[in-house]
Amino acid sequence: MSDDRESYCREVEAYLCRKNDGHLIRIVGPAFEQVTSWSRRGIPIRIVFRGIDRYVERYHAKGPRRRPARVEFCEADVLDLFDEWKRAVGVASAATPEGEAQDGEGGATRKRGTLAAHLERVVARLTTLRGGEDRSLDAAFEGLVRELDAARAGAKGLRGEARDRVLARLRVLDLALLHAARAGCDVTVLQRLEAEADRQLAPFRARMAAAVYAQSKASCVDRLIREHCRLPTIAFE
């Protein structure tokens, strides 16, 4: 297990080096303990990478960099994304070792933003994808963009049952897009994503019933398909 954690740490180190344009900062001392604690908690390495991406993007947005980004400053983003991942794949309880607090316990909840802003981001993302090299989902994107753009125009004044109907429709559209993406994936791609889902869930499998694990794996594969196809999440909860 110690070798696994050392390997995990060096993968994080190498990824951060690439994000820092080749500038290597060794992960040692307290930083090493921090990163290996992510490994002990079962945080998938891809979630760590996305957390680093999120921090570095925010760091770049502040203006010219004076020094390389350090892994210590990425932890809030890593834990936030891990919490999202746990909820999405259904391992929230299994992911918390006995005696540890749940992620986010006692902390502030991240604001979601408005429905109108969410729809605007989704439409922008789908429009970008529609103009990309992969045209396999163009027909689905075209219909979605029209419907979501119309929904966005009236989203600000929605209340009560009218808002609930729109939210329910967004969940239906999200599932339909995900199913279309799955149908368009090559068999070898699906096999690779299923193997990746098994790897991500491996730290929690012993604490999960077979039926729960199967459901979590299906959710994890769906999430990986979304990432593979770079699809936005249409649902707004």
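Tutor: With a definition: on a 1 Å grid over the protein atoms alone, a cavity is a set of points where a 1.4 Å probe fits but cannot get out, and lining residues have an atom within 4 Å of a point. Rolling a probe the size of a water molecule over the atoms shows where empty space is left. This is a predicted model, in which local features need pLDDT of at least 70, side-chain atom pairs count only at pLDDT 80 or more, and totals for chains, interfaces and linings use all residues. Residues are numbered from 1 along each chain as its sequence is written, and side-chain values use heavy atoms, with hydrogens and water left out.

Student: Which residues line the largest cavity?

Tutor: Its lining consists of Leu16, Ile25, Arg26, Ile27, Ala31, Arg70, Val71 and Glu72. The largest cavity has a volume of about 40 Å³, where a volume is the space filled by probe spheres set on the grid points, joined across faces, edges and corners.

Student: How many residues of each class are in the lining of the largest cavity?

Tutor: Ala, Val, Leu, Ile, Met, Phe, Trp, Tyr, Cys and Pro count as nonpolar, Asp, Glu, Lys and Arg as charged, and the others, Gly among them, as polar. In the largest cavity the lining has five nonpolar, no polar and three charged residues.

Student: What is the angle between helix α6 and helix α7?

Tutor: Helices are DSSP runs (H or I, at least four residues), numbered from the N terminus. Axes are lines fitted to C-alpha atoms, for helices over the stretch in contact, and angles run from 0 to 180 degrees between N-to-C directions. Helix α6 (residues 138-153) and helix α7 (residues 160-184) pack at about 170°, and their axes are 11 Å apart.

Student: How are α6 and α7 oriented to each other?

Tutor: Angles under 35 degrees count as roughly parallel, over 145 as roughly antiparallel, 65 to 115 as roughly perpendicular and the rest as oblique. α6 and α7 are therefore roughly antiparallel. Contact means heavy atoms within 4.5 Å. Ala140, Phe141, Leu144, Glu147 and Leu148 of α6 make the contact with Arg169, Leu170, Leu173 and Leu177 of α7. Those residues divide into seven nonpolar, no polar and two charged.

Student: At what angle do α8 and α9 cross?

Tutor: The axes of α8 (residues 187-201) and α9 (residues 210-229) cross at roughly 125° and come within 9 Å. That makes α8 oblique to α9.

How values were computed
Helices (H or I, at least four residues) and strands (E, at least two) are DSSP runs, numbered from the N terminus. On a 1 Å grid over the protein atoms alone, a cavity is a set of points where a 1.4 Å probe fits but cannot get out, and a pocket is an open set with protein on both sides within 12 Å along at least five of seven lines; lining residues have an atom within 4 Å of a point.
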